[in-house]
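This report walks through a single protein chain for someone meeting it for the first time. Please keep the sequence and the model in view while reading.

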Amino acid sequence: MSRKMKTVQQPRWYRPAWIEIDLNQLRQNFALIHADKPKPLRIISVIKDQAYGHGAVPVAKAALESGAAGLAVATLEEGVVLREGGIAAPILMLGERHPNELRDCLHHRLTCSVSDVRIAKELATSAEEAGTAAPVHLKIDTGMSRYGIRWNKALPTIAEIARHRALRLEGVMSHFAMSDETDKSFALEQLGRFQTVLAAMREKGFAVKYRHLCNTGGFLDLPQAHFDQVRIGILPLGVFPSAVCRRIAGIEPVMTVKAQIASIQNIEPGDTVGYGLRYRAPAPRRIGVLPIGYGDGFPRVRNQGEVLVCGKRAPLVGSVAMDAITIDITDIPEAQLWEEVVVMGRQGSEMISVHDMARLKNSVSYDVLAGWRERLPKVFIGASA
Ligand SMILES: Cc1ncc(COP(=O)(O)O)c(C=O)c1O
């Protein structure tokens, strides 16, 4: 490993609770994805919402170094932050654009996905004024009923958008509603609808360079839906979107959440712990306090969940507070003040997975990753120079 690959980028201020982002693992995950995929298939790395909470610019740089053909984000600001971070690669804007965003999209060379003739017209006008042609990806709604031109009424709209000289029809896309479950029937129906639109476009002579439908679930389980490129977000981060989708061996999480024990209390039988007296000690107990709480994105649970201390699992006791959680370390006497604790991730042979946290949060893995708050500093391992 080169010295550059070992670089650790520390936050400005020390805080005994932090997120570790292992960019070397991210590169390794990309390498495994590249080895797994058909050679011509292009990878678009979806890095919206701070690369699902991992840090947009460092993840984008590592993704592009690892062979991603482009990036995708959801908001104008996310796109501009990447440009200001020195990223020149193509960036696709997911979702719908407000007319007020179009000039900035053009100025920063952010590729819009369009599904509305009025937005297409406004984009064309702005592009003409700027003396340029704007690349666009047509969004087809094949079953999400969110953004996109409805699949069975698509052709007249496509024709209207395509007639603008200042728009360059670069891509056509859709999005799966359920691609990572065992039941693929709706995904296959969406694929069929997308193919119908593509065939009609071909027949009318509308040529596009990039056709794309797959997210991670589709990439893993629906190779017949790969087309020219796939838009994957969660897989390079080392998290599989469901328990049932195909696995690629060696892919591991990039994010670990850690904290240090900031206080140890030896409490007596009958003593209570924390707000609301939610835990009462049945016997003498050794309680560790971690300076991390719901203000950092930890789910606000009571007497639920575990963390890893000295390679062992320690249960949470009492209520999660804004800045603190309390853990029972009675059975881990070797745990000392400022001991490093894993809140989410691996320690030795034990693991608190993103999916464990999702159950605790009563939500999904995506929400857990993106849900850690900015207050928690990030330490990047293997940051590019
Ligand atoms: C339109 C679109 N494409 C692709 C993705 C990437 O999904 P995943 O993280 O499951 O790969 C997302 C994320 O939600 C999305 O909204």
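## Cysteines

There are zero disulfides in the structure, a disulfide being a pair of cysteine sulfur atoms within 2.5 Å. Cys105 takes part in none, and the nearest cysteine sulfur to its own, that of Cys112, is 3.9 Å away. That separation of 3.9 Å between the sulfur of Cys112 and the closest cysteine sulfur, in Cys105, is too far for a bond.

Cys105 is buried, with a relative accessible area of 1%, and Cys112 also counts as buried, at 2% relative accessibility. Here buried stands for under 20% relative accessible area, exposed for over 50%, and partly exposed for values in between, with a 1.4 Å probe and protein chains only.

## Basis of the model

The model is predicted, so local features need a pLDDT of at least 70 and side-chain atom pairs count only at pLDDT 80 or more, while totals for chains, interfaces and linings use all residues. Residues are numbered from 1 along each chain as its sequence is written, and side-chain values use heavy atoms, with hydrogens and water left out.

## The chain as a whole

The secondary structure of the chain comes to twelve helices and 22 strands, where helices (H or I, at least four residues) and strands (E, at least two) are DSSP runs numbered from the N terminus. Taken along the principal axes, the C-alpha atoms fill a box of roughly 80 × 45 × 40 Å, and of the 385 residues of the chain, 53% count as buried.

Ile158 belongs to helix 8, which covers residues 154-162, and is buried, with a relative accessible area of 0%. When neighbours within four places in sequence are left aside, Ile158 is in contact (heavy atoms within 4.5 Å) with Leu138, Ile140, Ile149, Val197, Met201 and Phe206.

## Aromatic rings

The structure holds three aromatic pairs, counted when rings of Phe, Tyr and Trp (its six-membered ring) have centres within 6.5 Å, with planes under 30 degrees apart called stacked, over 60 edge-to-face and the rest tilted. One of them joins Phe194 and Phe227, whose ring centres are 5.2 Å apart and whose planes meet at 80°, so the pair is edge-to-face. This pair links distant parts of the chain, 33 residues apart, with Phe194 in helix 9 (residues 185-203) and Phe227 in the loop between helix 10 (216-221) and strand 11 (229-232). Phe194 is buried, with a relative accessible area of 0%.
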